[in-house]
Amino acid sequence: MLPHSSKLYDIHFISSHLISSHLVSSRLVSSHHSFSTTVLDEPGLFRLSGVKNEVIALHNKFDQDVDDIDLSEFPIHVITGALKHHLREQTNPLVPFHLYNSFMDAYDKEESEELRLEKLCNCIDRLPPENKPIFGRLWVLLGAVVDHADKNKMTANHLGYIFSTILSH
């Protein structure tokens with residue numbers, strides 16, 4: 001895994017490139033780089049929704065001049081809502097339908113952690129190449145959220161419930 005300081009995780013690096021639909025997710029997912037500990041401690045991160053019209057307005061801004069968007073101007077629940085909205089709106093889901101059951105099987109608590117990790121890596125290897133960078137960034141972001149679960153109350157299980165349907169819509 002690449003360190004957080006890698007350009008792949010740098011919102012300013014990403015926003016300096018032409019933003020395609022693929023990179024819009026990259027930018028939103030990479031926005032965790034600008035999240036302060038206070039934001040990561042926000043209760044209900046990803047569970048609570050931002051104001052719907054603000055979420056849609058932010059999402060729509062990514063179809064316009066993305067370089068003019070300053071994510072620090074938006075409440076955190078609007079940013080997370082825009083990310084979830086964007087992932088739901090994709091023609092092809094981040095986790096293709098044919099891999100969904102394999103991903104769910106990788107979390108079989110009856111198996112050893114080593115076997116579960118092996119299954120998860122196998123699933124990730126089978127993702128379409130264009131989905132892997134987004135999946136990786138999302139994984140890092142959600143890991144940062146889970147690291148603050150004592151404050152934000154968002155455990156891996158809670159995030160799993162939220163994202164399992166979004167990623168494979």
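Mentor: Start with handedness: a crossing is left-handed if the near helix is turned anticlockwise from the far one by less than a right angle, and right-handed if clockwise. Helices here are DSSP runs of H or I with at least four residues, numbered from the N terminus. By that rule, H6 passes H7 in a left-handed crossing.

Mentor: A note on the source. This is a predicted model, in which local features need pLDDT of at least 70, side-chain atom pairs count only at pLDDT 80 or more, and totals for chains, interfaces and linings use all residues. Residues are numbered from 1 along each chain as its sequence is written, and side-chain values use heavy atoms, with hydrogens and water left out.

Trainee: At what angle do the axes of H6 and H7 cross?

Mentor: In general, two packed helices are described by the angle between their axes and the distance between the axes. Axes are lines fitted to C-alpha atoms, for helices over the stretch in contact, and angles run from 0 to 180 degrees between N-to-C directions. Here H6 (residues 97–105) and H7 (residues 113–126) have axes that come within 8 Å and cross at roughly 160°. Angles over 145 degrees count as roughly antiparallel, and H6 and H7 are therefore roughly antiparallel to each other.

Trainee: Which residues in H6 and H7 meet?

Mentor: Contact means heavy atoms within 4.5 Å. From H6, His98, Leu99, Ser102, Phe103 and Asp105 meet Lys119, Leu120, Cys123, Ile124 and Arg126 of H7.

Trainee: How many salt bridges are there?

Mentor: Side chains of opposite charge can pair when their charged atoms come close. A salt bridge is a side-chain nitrogen of Lys or Arg within 4 Å of a carboxyl oxygen of Asp or Glu, and the count by this rule is two. In one, lysine 119 meets aspartate 105 at 2.9 Å, N to O. That pair joins distant parts of the chain, with lysine 119 in helix H7 and aspartate 105 in helix H6, 14 residues apart. Lysine 119 also bridges to glutamate 111, with the closest N and O atoms 2.8 Å apart.

Trainee: Is aspartate 105 buried, partly exposed or exposed?

Mentor: Buried means under 20% relative accessible area, exposed over 50%, and partly exposed in between (1.4 Å probe, protein chains only). Aspartate 105 counts as partly exposed because its relative accessibility is 36%. Glutamate 111, at 23%, is partly exposed.

Technical notes: Helix = DSSP H or I, 4+ residues; strand = E, 2+ residues; numbered from the N terminus. Parallel < 35°, antiparallel > 145°, perpendicular 65-115°, else oblique.
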